[in-house]
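First the ligand, then the charged pairs.

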Amino acid sequence: MKLQWYPGHMTKARREMQKDLQLVDLLIELLDARIPMSSRNPDIDRLAANKYRMILLNKADLADPKTTDAWIRYFADLGIRAVALDARERTMMRTIEDAVREVCREKFERDRRRGILNRPVRAMVAGIPNVGKSTFINSFAGKASLKTGNKPGVTKANQWIRMNASVELLDTPGILWPKFDDEKVGEHLAFIGSINDDIIDTEELCRAFFKDAGVKNQSAVPERYHIEYSEDPNELLERIAASRNLLKKGGIPDTEKAAAAVIDDLRRGKLGRISMEYPEEYGKH
Ligand code: G4P
């Protein structure tokens with residue numbers, strides 16, 4: 001499967017990230033909880049080398065909770081605090097604030113020693129497209145006030161969303177670019193719907209899902225479509241088509257329509273909470 005992020009986009013995104021990072025103490029990296037590795041851009045480690053760091057495993061409502069917990073431990077081993085999140089849930093924001101205070105404790109203590117009181121942590125959110133950055137900022141801003149940038153007159157004054165005395169969030173997220181260095185990355189991004197579907201063969205994608213994450217979630221498809229499991233992806237598609245009465249002329253199973261149904265169900269969480277990447281498959285850096 002060939003997928004691309006154009007070099008021009010990447011250069012622009014990198015430049016903007018570098019510029020905005022200068023304004024903040026803390027980088028909040030949003031990943032998709034179902035595919036934390038494929039939705040992560042490892043370049044961020046270099047870009048944000050001297051910033052406080054935090055990871056939000058977003059769309060955790062669609063991922064397997066045990067696997068998400070395992071990912072939280074995985075990142076903890078790397079020294080990065082990770083929190084599972086459904087960015088649409090405003091109630092989660094309290095947990096995030098607490099985590100921010102914990103991650104940046106050293107800064108607060110240093111400020112206190114120097115007699116600086118109430119200087120908030122400035123944070124920005126970054127992540128690849130569609131990971132939930134705007135949703136998070138909207139939820140975060142829900143009960144907060146928008147403070148205008150303190151440099152009027154510049155072309156685009158950054159706005160800071162003030163949560164409380166200790167946290168301010170930049171209102172524009174940093175856009176990271178996916179790293180397609182492995183074929184799996186593109187496939188996993190396509191499973192969750194982060195790749196333009198026009199360039200994807202749905203049937204091929206669905207077969208890839210059966211052979212990949214589907215193997216660890218063997219009961220999900222049979223339960224949803226009331227069929228017997230098969231290790232053969234083509235057979236699974238035929239059974240789904242028959243069970244859903246998706247037939248072409250002459251009663252031939254319409255495997256293309258069956259594949260489209262599976263992929264749609266997968267993305268909407270109708271196959272259950274499915275994680276597609278597992279920490280044990282990835283070594284440490
Ligand atoms: P971005 O800024 O990083 O590009 O992502 P954005 O916030 O636009 O979110 C992309 C999609 O993901 C949106 O759905 C949004 O509702 C959904 N989303 C964000 N966070 C979560 C989450 O924690 N759980 C779930 N299940 N979905 C989440 P959409 O289909 O584009 O729009 P709509 O469904 O809101 O109409």
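Predicted model: local features only at pLDDT ≥ 70, side-chain atom pairs only at ≥ 80, totals over all residues.

Started with K133: one of its polar side-chain atoms sits 2.8 Å from an oxygen atom of the ligand. I'm calling that a polar contact, meaning a pair of N or O atoms within 3.5 Å; inside the protein, one must be able to donate a hydrogen and the other to accept it, and residues adjacent in sequence count only if both atoms are side-chain atoms. Residues are numbered from 1 along each chain as its sequence is written, and side-chain values use heavy atoms, with hydrogens and water left out.

Next I looked up V131, where a backbone N or O atom lies 3.2 Å from an oxygen atom of the ligand. R88 puts a polar side-chain atom 3.4 Å from a ligand nitrogen atom. How much of the ligand does the protein bury? The protein buries 59% of the 710 Å² that the ligand exposes when taken alone (Shrake-Rupley areas, 1.4 Å probe; for residues, only the protein chains shown count as cover).

Then the shell around the ligand. I have 15 residues there, with D61, N130, K133, S134 and T135 coming nearest (a heavy atom within 4 Å makes a residue near). Helix α6, residues 133-141, gives the most, three residues (helices are DSSP runs of H or I, at least four residues; strands are runs of E, at least two; both are numbered from the N terminus).

On to salt bridges: I get 28 in the whole structure (a side-chain nitrogen of Lys or Arg within 4 Å of a carboxyl oxygen of Asp or Glu). R81 pairs with E102, closest N and O atoms 2.8 Å apart. R81 is in strand β3 (residues 81-84) and E102 in helix α4 (residues 93-103), so this bridge ties together parts 21 residues apart in sequence. R81 is partly exposed at 30% relative accessible area, and E102 is partly exposed too, at 43% (buried is under 20%, exposed over 50%, partly exposed in between; 1.4 Å probe, protein chains only).

Which residue does R122 bridge to? R122 bridges to E168, with the closest N and O atoms 3.0 Å apart. Strand β4 (residues 121-127) holds R122 and strand β7 (residues 167-170) holds E168, so parts 46 residues apart in sequence are tied together. E168 counts as buried, at 1% relative accessibility.
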